[in-house]
Amino acid sequence: MVGTGAVYAVGISGCKRPAEVTLVSAAKRNFGTPLYKVAHALIRDGGALPRVSKKVNCDYVVVGTGISGLTAALSLQAEGKHVVVVESENRAGGTAVSANLAGSKVPLGSVYFVDKTPEIEMLLSVGKIKPTVCPDDAYDFGTGELIRDLWSDETLNNAIADSSDRDGMYRFRDYVKGLGDSLPLYPLPETLNSELAKFDIQAESWVKKFDSRTLLTILNAYSRSSMGGLLQRTNVYCLLNFYSSEFGEGTTANRYTFPGGTSALVDAVTPSLHDMRYGQLAVRVANSASGAYVDCVGADGTLTRYEAKKVIFAGGKFQVSRLIENLPTAQKLACSKLEYAPYMTIHIVSDHPLVQNNVYDTWNLTSEFETDVVNPRSVFGSTLDKHVASLFIPMDQFMRVQLQSEELFARRAGEIVDRFINTRTPDQQASVREVYCWGWGHGMIIPTPGSHSGIAQDASRQFENIVFANTDCDASPSIESAAQRGGLAAIQALST
Ligand SMILES: Cc1cc2nc3c(=O)[nH]c(=O)nc-3n(C[C@H](O)[C@H](O)[C@H](O)COP(=O)(O)OP(=O)(O)OC[C@H]3O[C@@H](n4cnc5c(N)ncnc54)[C@H](O)[C@@H]3O)c2cc1C
């Protein structure tokens with residue numbers, strides 16, 4: 001998928017649900033993003049492009065309205081530049097997207113951020129919007145009891161009976177808290193020094209050194225949910241950077257969100273952008289004698305050429321070697337080595353809460369499908385009139401194909417919902433009303449071992465007048481990375 005998601009409400013067979021559950025079958029027509037088929041035909045399969053039927057001139061073109069594209073565009077506009085932003089979907093936000101379910105907005109992709117970096121502060125200030133602190137998480141080890149405040153001495157002592165298992169948890173916690181200035185940071189340096197390079201290794205063998213079964217279970221769930229793959233497929237660099245926020249000053253740091261999800265930030269900043277063009281799929285990006293241009297195809301099949309001094313590409317790099325014909329070979333190779341996680345989110349609307357009311361994110365450590373379940377109604381200021389359980393389901397690479405077929409998608413979602421609902425009480429099961437699914441083809445970049453030692457850097461290199469801004473510039477799938485990269489891309493575009 002070129003777009004980030006495909007909204008899809010499925011009919012679920014075999015699920016123990018009451019007959020009156022509304023399965024919004026009409027939404028099946030929405031399978032795929034508006035230009036989904038065009039993207040596959042023209043970018044993936046290399047179909048012939050239509051002739052240019054219109055030209056637009058500006059100072060800068062930004063491709064993509066995820067957090068990275070929005071940050072880049074706002075930064076350039078703040079310098080008085082005429083910026084045109086093109087986006088293949090009919091909405092802004094990329095993975096920061098919500099849908100109207102249960103009477104109000106529910107986040108379908110990214111749910112929170114941790115660091116109020118300068119770029120995040122800029123977005124908050126432009127949007128005149130304040131985030132709210134997320135309620136606490138809890139861990140479900142399969143006993144039915146929810147464990148909160150996991151990393152405090154008291155909880156570790158009470159929750160983990162085996163002393164060597166518990167000692168490993170302590171050692172890990174204290175190691176991360178003690179990292180201080182050695183904490184690996186983003187944006188990625190051009191070359192990792194020897195101290196940082198030692199973190200760009202497989203996380204699994206590193207975590208095993210702490211010799212704690214529980215730690216391995218928790219971090220595998222965390223790694224899958226936040227980084228798109230088991231610890232086998234992710235590196236220590238990203239794990240430490242991301243997980244350190246779980247400890248913060250005390251044992252937890254604040255995480256921030258908005259009622260309605262991270263799309264609230266997108267909704268707040270987009271009115272400030274002067275020239276947004278939706279339904280414009282970039283199918284070719286090229287340098288030219290006067291700068292660079294982007295060719296975009298719209299839903300009507302016509303092609304518009306956007307000419308500018310520079311182009312900032314803020315979409316995923318999995319497509320750039322097809323979009324940019326003469327991209328240097330080393331960069332093409334680096335782009336091809338970046339890995340993306342297919343992902344599914346499922347949102348179950350019910351009359352009774354399916355997860356504990358005042359817990360934000362419940363980690364289901366014994367589930368083979370969802371890693372965690374977010375409860376958007378627990379967010380302060382939320383106005384949902386029903387309960388929603390949002391299941392986060394990272395998938396293996398080979399499952400990407402399941403996201404591209406309505407039938408396979410529905411079957412897979414059905415299995416997952418069945419399993420989840422069957423772990424609930426009969427009253428909870430009977431109160432389920434609607435189920436929505438959202439598939440992500442390339443929404444999340446995986447920080448694979450070795451990806452930070454040249455691959456991410458080579459893939460992100462400015463190519464004459466084309467600059468890159470997406471989260472995959474750092475192989476670091478977070479909102480902060482996206483904003484940071486967007487800001488850096490704007491500086492790069494202005495300075496060269
Ligand atoms: C399910 C899920 C949950 C997540 N949860 C969190 C979380 O809670 N916290 C967190 O920090 N991070 C989270 N992330 C990661 C985070 O959302 C992303 O890393 C970050 O938001 C990506 O922003 P971006 O701007 O780099 O890219 P994207 O959000 O992917 O935006 C790219 C945009 O470019 C557009 N585009 C792409 N190609 C083209 C083209 N050829 N022509 C025109 N337009 C194009 C896309 O349609 C899209 O709008 C999550 C990711 C996923 C998938």
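A polar contact is a pair of N or O atoms within 3.5 Å; within protein, one must be able to donate a hydrogen and the other to accept it. The model is predicted. A ligand sits in a shell of 37 residues. An open sheet of 5 strands runs in the order E11-E4-E3-E15-E21.

**Ligand shell**

- Of the 37 residues around the ligand, the closest are Ser68, Glu87, Thr95, Tyr112 and Thr471.
- By class, the shell holds 15 nonpolar, 19 polar and 3 charged residues.
- Several elements each supply at least two shell residues: helix H2, strand E12 (281-288), strand E16 (339-350), strand E20 (432-446) and helix H16 (479-495).

- Glu87 places a polar side-chain atom 2.6 Å from an oxygen atom of the ligand.
- Ser88 uses its backbone: a polar backbone atom lies 3.2 Å from a nitrogen atom of the ligand.
- Gln319 has a polar side-chain atom 2.9 Å from a nitrogen atom of the ligand.
- On its own, the ligand has 1,000 Å² of accessible area, and the protein covers 95% of that.

**Gln319**

- This residue is in the loop between strand E15 and helix H11 (320-323).
- Gln319 has a relative accessible area of 7%, so it counts as buried. The cut-off for buried is under 20%.

**The open sheet**

- The five strands E11-E4-E3-E15-E21 pair in the parallel sense.
- Strand E11 (276-277) and strand E21 (466-468) stand at the edges. Each has a single partner strand, so one side of each is left without a neighbour in the sheet.
- Strands of a sheet pair through backbone hydrogen bonds, either parallel or antiparallel.
- E4 and E11 are joined in parallel by 2 bridges. Val86 has Arg277 as its bridge partner in E11.

- E3 and E4 (residues 83-86) run parallel and are joined by 4 bridges. Val63 has Val86 as its bridge partner in E4.
- From E3 the chain passes through helix H2 (residues 67-78) to E4. This β-α-β crossover is right-handed.
- E3 also runs parallel to E15 (residues 310-313), again with 4 bridges.

- Strand E5 (residues 98-101) and strand E6 (residues 104-107) pair antiparallel over 4 bridges.
- Ser98 has Pro107 as its bridge partner in E6.
- The two strands form a hairpin with 2 residues between them. In the turn, Ala102 has a positive phi of about 50 degrees.

**Backbone geometry to check**

- The peptide bond from Tyr186 to Pro187 is cis, with omega near 0 degrees. Pro187 lies in the loop between helix H5 (163-177) and helix H6 (194-197).
- Asp149 is not a glycine, yet its phi is positive, near 50 degrees. This residue is in the loop between strand E9 (146-148) and helix H4 (153-159). Asp149 has 40% relative accessibility, so it counts as partly exposed.
- Ala475 also has a positive phi, about 45 degrees, without being a glycine. Its loop lies between E21 and H16. At 0% relative accessibility, Ala475 counts as buried.

**Thr234**

- Thr234 lies in the loop between helix H8 (213-227) and helix H9 (236-243).
- Its relative accessibility is 0%, so Thr234 counts as buried.
- Thr234 and Arg224 are 10 residues apart along the chain, and their C-alpha atoms are separated by 8.8 Å.

Note on methods. Residues are numbered from 1 along each chain as its sequence is written. This is a predicted model: local features need pLDDT of at least 70, side-chain atom pairs count only at pLDDT 80 or more; totals for chains, interfaces and linings use all residues. Side-chain values use heavy atoms; hydrogens and water are left out. Two strands pair if DSSP finds at least two bridges between them. A crossover is right-handed if, with the strands pointing away from the viewer, the path from the first strand over the helix to the second runs clockwise. A residue is near a molecule or strand if one of its heavy atoms lies within 4 Å of it. Accessible areas come from the Shrake-Rupley method with a 1.4 Å probe; for residues, only the protein chains shown count as cover. Ala, Val, Leu, Ile, Met, Phe, Trp, Tyr, Cys and Pro count as nonpolar, Asp, Glu, Lys and Arg as charged, and the others, Gly among them, as polar. Buried means under 20% relative accessible area, exposed over 50%, partly exposed in between (1.4 Å probe, protein chains only).
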